[in-house]
Amino acid sequence: MISQFFVLSQRGDNIVFRDYRGDVPKASTEIFFRKVKFWKEDGEEEAPPVFNVDGVNYFHVKIVGLLFVATTRTNVSPSLVLELLQRIARVVKDYLGILTEESLRKNFVLVYELLDEVIDFGYVQTTSTEVLKSYIFNEPIVVDSALLPTLGPASIFMQGTKRMPGTAVTKSVVANEPGGRKREEIFVDIIEKISVTFSASGYILTSEIDGTIQMKSYLSGNPEIKLALNEDVTIGRSGSSAYGYSGSGSGAVILDDCNFHESVHLDNFDLDRTLSLVPPDGEFPVMNYRMTQEFKPPFRINALIEEAGSLKAEVILKIRAEFPSSATANTILVQMPLPSYTSRVSFELEPGAVGQMTDFKEASKRLEWGLKKIVGGAEHTLRAKLTFSQESHGNLTKEAGPVSMNFTIPMYNASRLQVKYLQIAKKSKAYNPYRWVRYVTQANSYVARL
Amino acid sequence: MAPPAHQTQRSPSPSQPSGRSEVSDLKLQLRQLAGSRAPGADDSKRELFKKVISYMTIGIDVSSVFSEMVMCSATSDIVLKKMCYLYVGNYAKNNPDLALLTINFLQRDCKDQDPMIRGLALRSLCSLRVANLVEYLVGPLGSGLKDGSAYVRMVAAVGVLKLYHISASTCIDADFPAMLKHLMLNDRDTQVVANCLSALREIWSSEASLSEEASKELDGLLSKPLIYYLLNRIREFSEWAQCLVLELVAKYVPSDSNEIFDIMNLLEDRLQHANSAVVLATIKLFMQLTLSMTDVHQQVYERIKAPLITLVSTGSPEQSYAVLSHLHLLVMRAPMLFSSDYKHFYCHYNEPSYVKKLKLEMLTAVANENNTYEIVTELCEYVANVDIPIARESIRAVGKIALQQYDVNAIVDRLLQFLEMEKDYVTAETLVLVKDLLRKYPQWSHDCIAVVGNISSKNVHEPKAKAALIWMLGEYAQDMVDAPYILESFIENWEEEDSAEVRLHLLTATMKCFFRRPPETQKALGAALAAGIADFHQDVHDRALFYYRLLQHNISTAERVVNPPKQAVSVFADTQSSEIKDRIFDEFNSLSVLYQKPSFMFTDKEHRGPFAFSDERGNLSIGVESADNVVPAQRVEANDKDLLLSTSEKEESGTTVNNGAAYSAPLYDAASAPLVALDTQPVAQALQAGLAIDDLLGLNLTTPAASAPAPPPLKLNAKAALDPGTFQQKWRQLSISMSQEFSVSPQGVAALTTPQTLLRHMQGHSIHCIASGGQAPNFKYFFFAQKAEDTSTFLVECIINTSSCKVQMKIKADDQSASQAFSDLFQFALSKFGMP
């Protein structure tokens with residue numbers, strides 16, 4: 001059971017503070033914030049999500065720059081508390097449409113109302129947006145979302161791409177539209193995070209896809225939904241060859257493992273790979289999956305560092321987009337740690353480069369190369385000339401790198417897992433809600449070694 | 001109106017003037033509104049209430065408007081009511097007189113038509129936390145528990161618990177626990193059931209120490225009918241309540257293995273839940289259920305691997321850390337079962353260091369013949385990492401793997417390459433490791449020393465690294481041309497050396513160097529002893545003086561004392577005792593796993609966790625098998641504990657044992673002129689009785705274990721019996737009364753082809769095996785024996801390494817005074833093993 005729950009801003013101000021059991025002193029918010037801010041233990045730079053100060057256990061998760069914190073004196077299940085903190089954030093987001101410091105401050109009374117029902121005397125009562133609806137009386141005060149950074153992977157849909165209605169993800173589940181009627185729609189997002197490590201010679205050392213099928217339903221009356229995946233999806237590689245690259249080329253999608261939301265029925269899953277569920281209100285993951293089967297990495301990275309005379313070296317970075325030209329990656333950032341004695345860097349972009357930026361971060365000795373977008377099939381190169389303040393020790397590749405890359409590719413997924421169709425149990429002939437099935441791939445740990 | 005969002009950086013203190021004037025302003029406005037029935041009054045009230053609550057949130061004391069708030073609360077606006085309740089709950093405790101004001105309207109609201117209002121009022125009433133108001137709670141709580149609305153019953157169940165914490169006697173006297181029990185067994189609504197369960201668990205476990213009845217009721221929570229009742233409904237519970245039920249069931253002791261399998265089959269699909277708390281609670285349950293069924297237990301490991309890894313990679317970084325900590329625990333317990341999953345433990349460049357640290361430990365643990373090359377290659381990449389603490393950890397990891405004796409050859413090359421990187425911290429870590437490696441594998445000295453000799457001592461700054469370098473200079477003085485001169489330069493800087501450890505090492509190393517190369521070292525030794533004797537640090541001073549006296553007495557004796565031939569270290573001792581590890585495992589799915597310490601080390605007794613009461617009971621489940629007499633004690637094969645034969649630890653275990661046959665050191669003529677010229681006073685000659693001291697210490701340096709003394713008079717019961725559960729319990733309760741390391745005869749090792757052969761042999765000596773496991777070269781056994789005359793028991797953990805012919809033995813005994821006799825007997829029995 002937990003004793004207190006509070007939300008702190010980046011500066012450490014209390015935005016919401018709720019004491020459930022009165023067995024932890026009120027000063028806990030300050031104790032917590034000081035500890036997190038000035039964490040230095042065992043050479044760790046960052047406070048772990050759970051720590052103990054004077055017999056009080058502090059749990060925290062960081063969400064859109066805010067700290068969601070719970071305290072307790074008992075030896076509880078840490079997973080339970082951390083899941084709960086995430087879930088509280090999600091419920092709040094469902095209500096407010098958008099989770100930011102401003103929206104929380106404007107709606108703190110509503111948040112208190114929620115907290116009162118979610119936890120009683122430290123015990124979780126419910127975290128279902130649906131169930132909570134009947135207990136909540138405050139109307140959310142909607143914050144203008146246009147200019148604000150948002151929460152979660154789905155937020156990337158807001159950037160450009162006219163095909164997708166960006167407002168939907170920031171729409172409150174409970175608030176009424178200005179027109180009085182809610183638009184009947186449902187969103188299914190297939191979000192994949194990929195991790196790849198390339199060796200110096202370009203060979204793939206490890207690769208993994210961590211995916212989520214996320215759903216957000218604005219359908220009234222909670223109709224049953226059928227979600228069909230590719231029929232050739234198989235699950236489980238039966239342990240033994242856990243990380244072998246066996247199934248390549250066969251075309252089948254082989255997931256190592258997956259888990260499902262409580263509401264999902266798997267009665268037909270073995271038969272025809274359909275998931276049936278009655279989606280609860282709000283945003284939730286229908287299914288999480290993990291895949292280590294070989295796949296084609298969306299980008300190839302070539303990185304080279306060479307000595308070029310005394311106190312000088314040259315870096316050449318080449319990235320090639322290996323996905324179809326119908327897709328476009330955006331917000332690409334390539335980073336590379338340089339030798340610690342690098343004093344100056346001059347960059348040379350390819351002729352005619354548009355929407356690219358380069359930087360040398362003096363303090364952390366890191367090279368950064370940002371690209372607004374890369375169309376499938378394109379290749380880009382960066383040359384950088386380094387000046388050193390001292391003679392290098394010989395092997396430059398041990399002093400620099402690895403190169404890491406961040407990117408987002410909408411409407412593309414590396415695993416080839418697909419939602420074949422999304423069937424909504426019909427209430428009437430006229431009932432034809434909007435259905436959005438969207439794919440996106442993001443880099444998790446995308447690294448090339450030198 | 002928004003709360004004062006960005007006004008200050010830190011929450012203002014209550015005394016802040018701006019806060020005070022605004023509060024009195026609020027008070028005034030509230031008073032004006034209190035009686036108003038004007039249209040729109042509620043809206044204005046809402047705004048004012050919001051302001052009050054927002055001040056309360058940022059820490060401004062607004063208790064002074066208490067009476068105005070109460071006056072304004074006579075309203076039908078539920079939003080207003082809620083804000084008022086929140087306010088009252090926050091300040092009532094410190095303003096009990098004012099709280100009385102609220103009782104009236106709360107009691108009235110408890111009878112409202114709307115169940116929502118009833119529930120809210122009841123919750124607020126119970127949250128007042130004022131002891132002298134409890135009499136007002138009993139009535140509303142009683143009717144709340146019988147309310148037609150599940151929402152009200154839900155609130156009432158928790159309300160009973162709140163009452164209990166304000167006034168336990170009022171709660172017990174009103175017979176609320178019995179009412180909760182009735183609800184728990186009969187309510188249709190699962191959240192009501194869950195709340196009753198939570199409340200009863202808390203109430204009964206704190207009452208259990210006071211009343212027999214309560215402790216019986218507490219046991220009743222683990223009764224078969226209740227457990228089955230909850231299990232059968234588990235899918236109706238919310239995911240959070242499921243965790244509660246699973247936690248409870250983990251303490252339940254099934255009567256036979258069919259029951260175990262039924263429960264596991266029923267809950268199998270919980271492992272596919274997206275909520276990590278549900279999955280971990282299920283895993284804990286499966287682990288506990290199968291503790292005594294080794295093969296099933298192992299299957300559970302196989303089954304839970306994939307779900308755990310999925311949770312690690314799909315959750316938020318925080319959730320994934322919590323799951324990874326649990327995976328870490330399992331990997332450390334049974335590394336072999338995870339050896340093919342090592343790639344999942346590779347670090348991502350963007351992970352926080354607390355995650356990377358766990359992963360490095362896991363990689364170290366799972367390294368074996370098949371994956372070492374890849375793991376070490378990966379670790380070497382991290383050594384060049386910009387994150388220096390992780391680079392250090394990675395080097396240590398490589399070293400630990402080397403100490404695990406797989407493919408040492410290649411690893412030593414890698415370590416030596418680190419030295420060539422010429423980064424100070426890399427050099428420092430590597431030196432420490434090379435030293436440990438040399439202690440275990442003296443045969444590598446040639447390669448290592450060549451590289452170490454090239455290191456400029458000026459680049460070594462850290463005390464540990466310096467100490468390691470100095471140790472090597474002393475130990476390998478004959479192979480390192482410059483050793484005396486490097487030591488000399490260290491001695492010249494004696495004054496600047498802050499670390500006493502380094503100075504101690506310097507003394508010893510100079511001594512050793514002197515024995516090998518006296519003419520070159522004489523001057524340095526003189527300087528070192530002089531500096532040492534003048535040292536302000538007690539230990540350094542004493543050791544210098546001791547060396548000086550030794551040298552004065554007799555140089556060859558001094559050499560035998562300071563630099564005797566050494567046996568390579570075979571196993572470095574574990575840093576955490578197995579008892580501690582078992583405790584942590586018992587507390588799976590709790591903070592203990594994240595902190596890597598059992599709960600008693602970080603929390604006081606009353607907060608030991610919801611199920612701490614069943615500490616003893618938890619262990620009983622282990623004994624299930626034997627209660628059925630399904631498996632005779634001897635055939636209970638090693639459970640996962642015995643898979644844990646890591647040899648990768650930090651400290652050298654207790655005593656190094658001399659087998660007397662290592663290399664012989666050159667002797668110097670004791671009469672050769674006084675090599676040390678020091679003008680101190682004559683020193684008493686106290687060291688003649690060398691032999692007597694040997695006897696005193698009970699050291700038997702020359703006698704190999706094979707010719708152990710004749711069996712001592714301790715008599716053991718040949719038909720001793722002990723079930724595994726009792727063994728485990730005893731093992732945890734008793735402290736180690738004796739820990740020893742000795743050698744086993746080559747014949748014994750030859751005969752030890754499988755663990756079973758030894759079991760039969762030891763049984764012949766009335767020493768029985770309860771569990772065994774491991775693979776060549778490491779075998780691990782748990783033995784027990786009983787005295788013939790009484791039932792006093794001896795427990796033994798025994799690890800036999802067949803490649804080094806070493807036995808490590810830990811004895812725990814009911815009668816500690818007899819453990820020496822038993823140890824002799826045990827060694828005697830073991831020494832006969834393999835003899836015709």
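How many salt bridges are counted between chain B and chain A? The count is nine, where a salt bridge is a side-chain nitrogen of Lys or Arg within 4 Å of a carboxyl oxygen of Asp or Glu. One salt bridge joining the two chains pairs A:Asp120 with B:Arg123, whose closest N and O atoms are 3.6 Å apart.

Before going on, a word on the model and its numbering. This is a predicted model, in which local features need pLDDT of at least 70 and side-chain atom pairs count only at pLDDT 80 or more, while totals for chains, interfaces and linings use all residues. Residues are numbered from 1 along each chain as its sequence is written, chains are lettered from A and ligands numbered from 1 in the order in which they are written, and side-chain values use heavy atoms, with hydrogens and water left out.

**Where the two chains meet**

The size of an interface is often given as the accessible area lost when the parts come together. Chain B and chain A bury about 8300 Å² between them, 54% of it on carbon and sulfur atoms; buried area is the accessible area (1.4 Å probe) that two parts lose on being put together, summed over both. In chain B, the residues that lose the most area to chain A are B:Trp240, B:Glu318 and B:Tyr349, together 9% of what that side buries. Contact (heavy atoms within 4.5 Å) involves 98 residues of chain B and 98 residues of chain A.

**Domains within chain A**

Chain A is divided into domain 1 (4–132), domain 2 (155–296 + 412–448) and domain 3 (299–410), with bounds that come from an automatic or database domain assignment. Nine residues from domain 1 of chain A and 14 residues from domain 2 of chain A make up the contact. Between them, these two domains bury about 880 Å², 45% of it on carbon and sulfur atoms. On the side of domain 1 of chain A, A:Arg90, A:Asp94 and A:Glu130 supply 52% of the area buried against domain 2 of chain A, more than any other three residues.

The rule finds one salt bridge across this domain interface. A:Glu283 and A:Lys93 meet in a salt bridge at 3.2 Å, N to O.

**Salt bridges up close**

Over all chains, the count comes to 63 salt bridges. Here are some of them, with the N to O distance for each.

| Residue pair | Closest N and O atoms |
|---|---|
| A:Glu283 and A:Lys216 | 4.0 Å |
| B:Asp436 and B:Lys435 | 3.6 Å |

How exposed are these partners? Buried means under 20% relative accessible area, exposed over 50%, and partly exposed in between (1.4 Å probe, protein chains only). A:Glu283 counts as buried at 13% relative accessibility, and A:Lys216 is buried with a relative accessible area of 3%. B:Arg392 is buried at 18%, whereas B:Glu462 counts as partly exposed at 28%. In the remaining pair, B:Asp436 is buried at 13% and B:Lys435 is buried at 19%. Elsewhere in chain B, salt bridges that share partners join B:Arg392, B:Glu393, B:Arg396, B:Glu429 and B:Glu462 into one network.
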